[in-house]
Amino acid sequence: MFLKDYIKEVAGALKSLASGMKMTGYYFTHHKEIITEEYPDNRNSLVLAERFKGEVVMTHDENNEHACTGCTACELACPNATIKIITKFDVDEATGKKKKALDTFIYHLELCTLCNLCVDACPTGAIKMAPTFEHSVFDRNQLTKKLNNPGSKIRAGVE
Amino acid sequence: MYRTTDILTSSTSGDMVINVGPQHPATHGVLHLVITLNGETIKKIEPHLGYIHRSIEKMCESLTYRQFIYVTSRMDYLSAHINNHACALCVEKGLQIEVPPRAQVVRVILDELTRIASHELWWGAMAMDLGAFTPFFHAFREREMINEIMEETCGARLTMNYIVPGGVMMDIHPNFQKKIKEFIVLYKQKINEYHELVTGNVIFENRMKNIGTLTAEQVISYGCSGPVARGSGVKSDIRKLYPYEIYDKLDFEEALETGGDSYARYLIRMREMEQSIKIIEQLVDNIPDGDFQAKTKAVLKLPKGEFYTSVETARGELGVYIVSEGGTTPYRIKFRSPGFSNLSILNDMVKGGKIGDLIAAMGTLDLVIPDIDR
Amino acid sequence: MWSFSNIANEIHTWLSSQLPPIWATIVEMVIAGVAVIGLFAILGLVLVIMERKVAAWIQIRLGPNRVGPKGMFQSMADTVKLLVKEGMTPNGADKLMFNVAPFIAMIVAMLLMAPIGFAKDFQLWDLNIGVLYITAISSISVIGILMAGWASNNKYSLLGAMRSGAQIVSYELSAGLAILTIIVLTGSLQLSDIVQAQADGWWIFKGHLPVIIAFLIFITAVTAETNRAPFDLAEAESELTAGFHTEYSGMKFALFFLAEYINVFIVCAIGATLFLGGWMPFHIGNWEGFNHVMDYIPSSVWFFGKTFFLIFVIMWFRWTFPRLRIDQLLNLEWKYLLPISMINLLLVTLIAILGWHF
């Protein structure tokens, strides 16, 4: 019957609207469900995943020694020419032989897509990804970084 | 008293031409639609592309087979992982690399998580197109859990670049399985809220049912794939038709609807999320031990020839076609992206409808513009 | 006891003793005007922050919480921002109409403030055709929107304005019929009479099911009349970017924005007056003690409490439902709301004639 269907239709429509309103009403009254993180305020308690790819850093130990041999594997692996390695020739004091070594590890954070290919390519584990993400600066030149610390040298035994 | 403004005088036939996009809230990106209107009724839709063309295919020609995978994350950024997967599969096919079972399972789990995350975002964005804002935030709550799993294991939330030819880049994080199980438990509760908030709503049903109806013939002739094709009853799931990795050993259903309207496409995606959960449930406790990466040479050189693989992304069939001259870089790469074919059907879909129909139907196409333009 | 009516009377007696009657009236009018504008500003600020907080909590967010305690001054900061922004007029626009439209929208909202009883015996203008006045004036608001849409020389604006015209004109019918049910029950067009008639119980309780149906129809229709979601087709940001106010910026936009919220307040105030007893406290039959306690709550608190409850319901709608399509919107009016309210009106008339209501 027409009238019966009409009433049924209206009632069904109202019921479906009420079920949606019930749900939003639940969230309106239950403030513990709120998931907002107040970012700059919670900076101290912020936990990032240890694998988070924020920027490339070179690890130095307490003697200011790194593990980079200057082999340029990372430079070759990089799809965006983010890394530029400048090498020099060290003279081995014991033997007097010349040996290729790292002079400057230049890293362009502004070009980097954080794809992890350089870290994957490094044969000695000299570089890794650091979980930092607040990279914004006022001058983009500051994003070009020199990764090896001044005065650092290669750790003994790393070939 | 008043001056005639030149809106209507610009056309002789009474038609009104409107630009929807490139900057428009409904296009979710820089898509430009030129629509010819008669009143509120749409007479013609003409998509204009190219606003976010970054020539990814050309870029890939100068990158090695290891490097070019990361670029594809930027095509369909919502299923970045699946894009990477397609490229890795194609390279592996060329090099005849056997991928260790552990890597295969991890890849598939992450694929399905990506699919859920992508559909979650689609669900929220589509509801927002229809004028309901709340679903967007609720969908992001669950998507955030997936992103956290991704962040922990892959190191990134959106453009993962976790897959390398021969396996995956790193082993899974110790918390991987635990977190996924937590997610599944929570997700199964929340999916009911989704249906309560949107699926059953009478306004939503009226906006979706019998809107943008596509027949199976139209879908096939335009080359649509994914949920758009399945909504019209065309079997097109690459995971079923041409199984890759371990999909042929898994128990899941291809979601099919015969309605062909926006509501059918909506239901397909909702059911696909449930099927993805089913796949993850089967795999999460059965990740085999072993290597996560096959031994590969430092420099990959594909043999001379042509290679093609296709996978099922969240939007449909993504094909990767590599022409190799035997060098370290591809001679030519062509991506068959699902979004492009799905967009081309838009005119047939909503011609004769209202502006509201265009927005609703475009929402169910789930367009990602960088995927169309590449 | 402190109350709005006492303050008004004291001001009146003081002014009458100091000034000749004609000047006293003029000064009273100025005071009333300033008070209305002040109420406008406060309502705008309160309603904007309320909307944002309601939206945030429904959407499991925190909402504005940076300016002032718990973000309470956020809307003031927004107002300052809008005040210092450039009010652009597009090149091809019809300058006069473009600039006048926001003020029309605003003036309509202001005029509607006149017959509303905010508290016991506290009313700007208790005219004997109050309800008719409200329905008549509220129809003018569509002119402001149509002017804005046409004069902007923008296709989105034009579409938005045309939608809004069709929508407001048709929803006025069912809103009017819903209001008529109360007039039939009360037998008066005067708002103070309607409130007095509810001294022994609000119409929504006294009038059985038909009044509840009328109330639901009224809420739906006024949501549409004020262009609020799910009927916000005139703005429909995912379809028409911002509809009729696409081209407006700065304070001109703010006036539209303010007018929307004031309109929401006014229709809710009318709804509260007609169906929920206005400033009348909540009384239950013969419970003398309970009724006495309720009488202690000031009448203005009752009025604003009811009004803000209705405003909350309308906001709740907005953040829950998707938007309708334009033809579905008109279908809803002509196929559902109008026939139902017509039959409903007949039922109410029957009840009123037979005296079945309490």
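Q: Why does A:Thr72 count as partly exposed?
A: In this predicted model, A:Thr72 has 16 C-beta neighbours inside 10 Å. A buried residue needs 20 or more and an exposed one has 12 or fewer; A:Thr72 therefore counts as partly exposed.

Q: Why does A:Asn64 count as partly exposed?
A: A:Asn64 has 13 C-beta neighbours inside 10 Å.

Q: Why is α1(A) called roughly perpendicular to α2(C)?
A: The axes of helix α1 (residues 2–29) of chain A and helix α2 (residues 21–58) of chain C cross at roughly 105° and come within 7 Å. Angles of 65 to 115 degrees count as roughly perpendicular, which means that this term applies to α1(A) and α2(C).

Q: Which residues of α1(A) and α2(C) meet, and how do they divide by class?
A: From α1(A), A:Thr24, A:Tyr27 and A:Phe28 meet C:Val54, C:Trp57 and C:Ile58 of α2(C). By class, this contact has five nonpolar, one polar and no charged residues.

Q: What are the buried residues of α1(A), and against which helices do they pack?
A: A:Gly20, A:Met23, A:Thr24, A:Tyr27 and A:Phe28 are the buried residues of α1(A). They pack against α5 (134–154) and α6 (176–199) of chain B, together with α2 and α14 (299–318) of chain C.

Q: How does the length of α1(A) compare with the span expected at 1.5 Å a residue?
A: With 28 residues, α1(A) reaches 40 Å from its first C-alpha to its last, close to the expected 40 Å.

Q: What makes α2(C) and α12(C) roughly perpendicular to each other?
A: The axes of α2(C) and helix α12 (residues 250–275) of chain C cross at roughly 90°. This angle falls in the range of 65 to 115 degrees, and the two helices are therefore roughly perpendicular. The contact includes C:Phe40 and C:Leu43 of α2(C), and C:Leu258 and C:Tyr261 of α12(C). Its residues divide into nine nonpolar, one polar and no charged.

How values were computed. Residues numbered from 1 in each chain as written. Chains lettered and ligands numbered in written order. Predicted model: local features only at pLDDT ≥ 70, side-chain atom pairs only at ≥ 80, totals over all residues. Axes fitted to C-alpha atoms, helices over the stretch in contact; angles between N-to-C directions. Helix = DSSP H or I, 4+ residues; strand = E, 2+ residues; numbered from the N terminus. Parallel < 35°, antiparallel > 145°, perpendicular 65-115°, else oblique. Contact = placed C-beta atoms within 7 Å. Nonpolar A, V, L, I, M, F, W, Y, C, P; charged D, E, K, R; others polar. Expected span 1.5 Å × (residues − 1).
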